[in-house]
Amino acid sequence: MYARRRHRYFALMGLCVTLFVLAWAVVRLWSVPVAVGMCVVAMVLPPLAAMVANRRGPDDRWWDEPSGDPQSDEWWDELDGKKKPQ
C-alpha cells in the first residue's frame with residue numbers, strides 16, 4: 001500500500017512540475033491566460049498529492065489501534081487519558 005501511495009504522490013508532483021514548466025516555457029508564447037490557468041491547476045496539485053500520500057489505507061494501522069504489546073498499549077492509554085494510572 002505504501003508503495004502505491006508513494007507512486008501516486010510522485011506522479012501528481014511530476015504532473016505539477018510539468019504543468020508549471022510547460023506553462024511558462026511553451027504555452028505563454030501563445031496564450032498567457034491559459035498559462036496562468038495551468039499554473040492555477042499546478043498550484044492545487046501539491047495539497048492533493050499530500051492528501052493522497054497520507055490517506056489511510058484499509059491495511060494500515062491507525063494511531064489509536066492497539067499495537068499488540070500490552071505494556072505499550074497500557075502506557076499509551078494512560079497518556080491519552082483512557083485509563084487512570086494505578
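Predicted model: local features only at pLDDT ≥ 70, side-chain atom pairs only at ≥ 80, totals over all residues.
A residue counts as buried when its relative accessible area is under 20%.

Let's step back for the overall layout. The protein has three helices and zero strands, so reading from the N terminus on, the order of elements is α-α-α. Of the 86 residues in the protein, 16% are buried.

Now to the inside. Which residues make up the largest nonpolar core? There are eleven of them: Leu12, Cys16, Leu19, Ala23, Val27, Ala35, Met38, Cys39, Ala42, Leu45 and Ala49. Helices H1 and H2 each supply at least two residues of this core, and H2 gives the most, with six residues. Both of the cysteines we began with, Cys16 and Cys39, are on that list.

Alanine 23 is another core member worth a look. Alanine 23 sits in helix H1, and its relative accessibility is 0%, so it counts as buried. Between the C-alpha atoms of alanine 23 and glycine 37 there are 8.6 Å, although the two residues are 14 residues apart along the chain.

A disulfide is a covalent bond between the sulfur atoms of two cysteines. How many disulfides does the model hold? The count comes to zero. To qualify, two cysteine sulfur atoms would have to lie within 2.5 Å. The closest cysteine sulfur to that of cysteine 16 belongs to cysteine 39, and because the distance is 8.9 Å, it is too far for a bond. Seen from the other end, the sulfur of cysteine 39 has cysteine 16 as its closest cysteine partner, again at 8.9 Å and too far for a bond.

Next, the surface. Here Val17, Phe20, Val21, Trp24, Val32, Val36, Val40, Met43 and Val44 form a nonpolar patch, and together they have about 810 Å² of accessible area. Helix H1, spanning 2–25, and helix H2, spanning 32–54, each supply at least two of the patch residues.

Finally, the aromatic rings. A pair of aromatic rings is described by the distance of the centres and the angle of the planes. The structure holds one aromatic pair. The rings of tyrosine 9 and phenylalanine 10 have centres 5.4 Å apart, and because their planes stand at 75°, the pair is edge-to-face; an angle over 60 degrees is what that label asks for. How do the two partners stand toward the solvent probe? Tyrosine 9 has a relative accessible area of 27% and so is partly exposed, while phenylalanine 10, at 53% relative accessibility, counts as exposed.

How values were computed:
Residues numbered from 1 in each chain as written. Heavy atoms only, no water. Patch = residues over 30% accessible without salt bridge, like charges linked within 9 Å, V, L, I, M, F, W, Y side chains within 5 Å. Areas by Shrake-Rupley, 256 points an atom, 1.4 Å probe, with all protein chains shown as cover. Salt bridge = Lys/Arg side-chain N within 4 Å of Asp/Glu carboxyl O. Helix = DSSP H or I, 4+ residues; strand = E, 2+ residues; numbered from the N terminus. Phe/Tyr/Trp six-rings, centres within 6.5 Å; stacked < 30°, edge-to-face > 60°. Buried < 20%, exposed > 50% of the residue type's maximum accessible area, 1.4 Å probe, protein only. Core = buried A, V, L, I, M, F, W, Y, C linked by side-chain atoms within 4.5 Å.
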